[in-house]
Amino acid sequence: MTPPDDTPQRSAPAPRPEADLARVRTVPVGGRPNKVLAEQFAAPPPADPAARGFGAFLGSLPRILQAEAFLQVVDAVAAAARGGRAVVWMLGGHVVKTGLAPVFIDLMRRGAATHLASNGSAAIHDYEMARWGGTSEDVEAGLRDGSFGMADETGADMNRAFRRGMEAGWGMGEALARDLDARTDLAFPELSLLLQSHRLGVQYTIHPALGAEIIHQHPLADGAAIGDTGHRDFRRLAGALPGLDSGGVVLNVGSAVVMPEVFLKALTVARNLGGGRPGEFVTCDLDMLRHYRPRVNVVERPTRSGGGRGFQITGHHEIMVPLLAWAIAEKLDSR
């Protein structure tokens, strides 16, 4: 005998509502605004090799997204250089370690870099390259036995320069540049941003973070001298920022924390003393990764509060900085 089926009987599901596409309203394509137009598309390399110059390459880029942002930054730097406005480059140590000093030296000569500002690591790498032709040690190997950052001459000579700078009333960048300029045994003086900026009359300010740089662990480290010369350079950076007003450019290249924070404070000092100016300038963060502080402290807050435009372009320094510098040179030479 078959047992009774106690399974509850379900009623048929109610029909699910569906949108009636026959009733939707359409619009003509000709009346729709488009973000991308045919004239913005890239161009391939010309068939004629003689026509494949760098200017042709720039003209071939698509006028879309980061390519368009890149070209706008180039235009802004060139316009600032032609108009006598400040072009401030803020640098991290990786920029020096990737061999880009000759590019920045050329930008200074062209008037497309009127002020260099860096964290302490960039200055250390630059100083070592000028003195001995090499820099950037194996951190992990030296950390094992406590020898990391313990190069005697680097720490001793740089700290002595800071002491002389404090006594003479120089900034940290000026103190190191004068130290290099007085030496006759430099291995590669032509590769030093500190030295060449000094000789070209372009100010280079250094913005140390106590305890973050190898020269602070040297026996000759003098906190008073580091603080005095470093703070003078902060005041000098703030004193240079009024030159950004109405068309200047600030570029942060490879500093994720120190320079964006220093710039924000220097800018508020300049605006406090300048009745809310400088304003209406262009900012750009150029780094391998996108970080919080460069985005908000360089790209967004300064331009939203004082007008202007901010850009954030991502790419490896050893590729993007030469590309940007060549494009600026091409723009300046084409007038």
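Which residues have the most contacts inside the largest nonpolar core? Select Phe 70, Trp 89, Leu 193 and Leu 251: they are the ones, in a core of 64 residues. (A nonpolar core here is a set of buried Ala, Val, Leu, Ile, Met, Phe, Trp, Tyr and Cys residues joined through side-chain atoms within 4.5 Å; buried means under 20% relative accessible area with a 1.4 Å probe, protein chains only.)

Before you click on: this is a predicted model, where local features need pLDDT of at least 70 and side-chain atom pairs count only at pLDDT 80 or more, while totals for chains, interfaces and linings use all residues. Numbering runs from 1 along each chain as its sequence is written, and side-chain values use heavy atoms, leaving out hydrogens and water.

Next, pick Leu 251. Skipping neighbours within four places in sequence, Leu 251 is in contact (heavy atoms within 4.5 Å) with Val 73, Val 77, Val 87, Val 88, Trp 89, Met 90, Cys 284 and Leu 324. Then try Val 88, Leu 237, Met 259 and Ala 266, which are among the 18 residues of a second, separate core.

Now show helices α10 (residues 223-240) and α11 (residues 258-273); helices are DSSP runs of H or I, at least four residues, numbered from the N terminus. Their axes, lines fitted to C-alpha atoms over the stretch in contact, are 8 Å apart at an angle of about 60 degrees. On the α10 side, highlight Phe 234, Leu 237 and Ala 238; on α11, Val 262, Lys 265, Ala 266, Val 269 and Ala 270.

Last stop: Arg 232, also in α10. Arg 232 is buried, at 17% relative accessible area, and touches Gly 169, Trp 170 and Gly 171, not counting residues up to four places away in sequence.

Note on methods
Buried < 20%, exposed > 50% of the residue type's maximum accessible area, 1.4 Å probe, protein only. Axes fitted to C-alpha atoms, helices over the stretch in contact; angles between N-to-C directions. Helix = DSSP H or I, 4+ residues; strand = E, 2+ residues; numbered from the N terminus.
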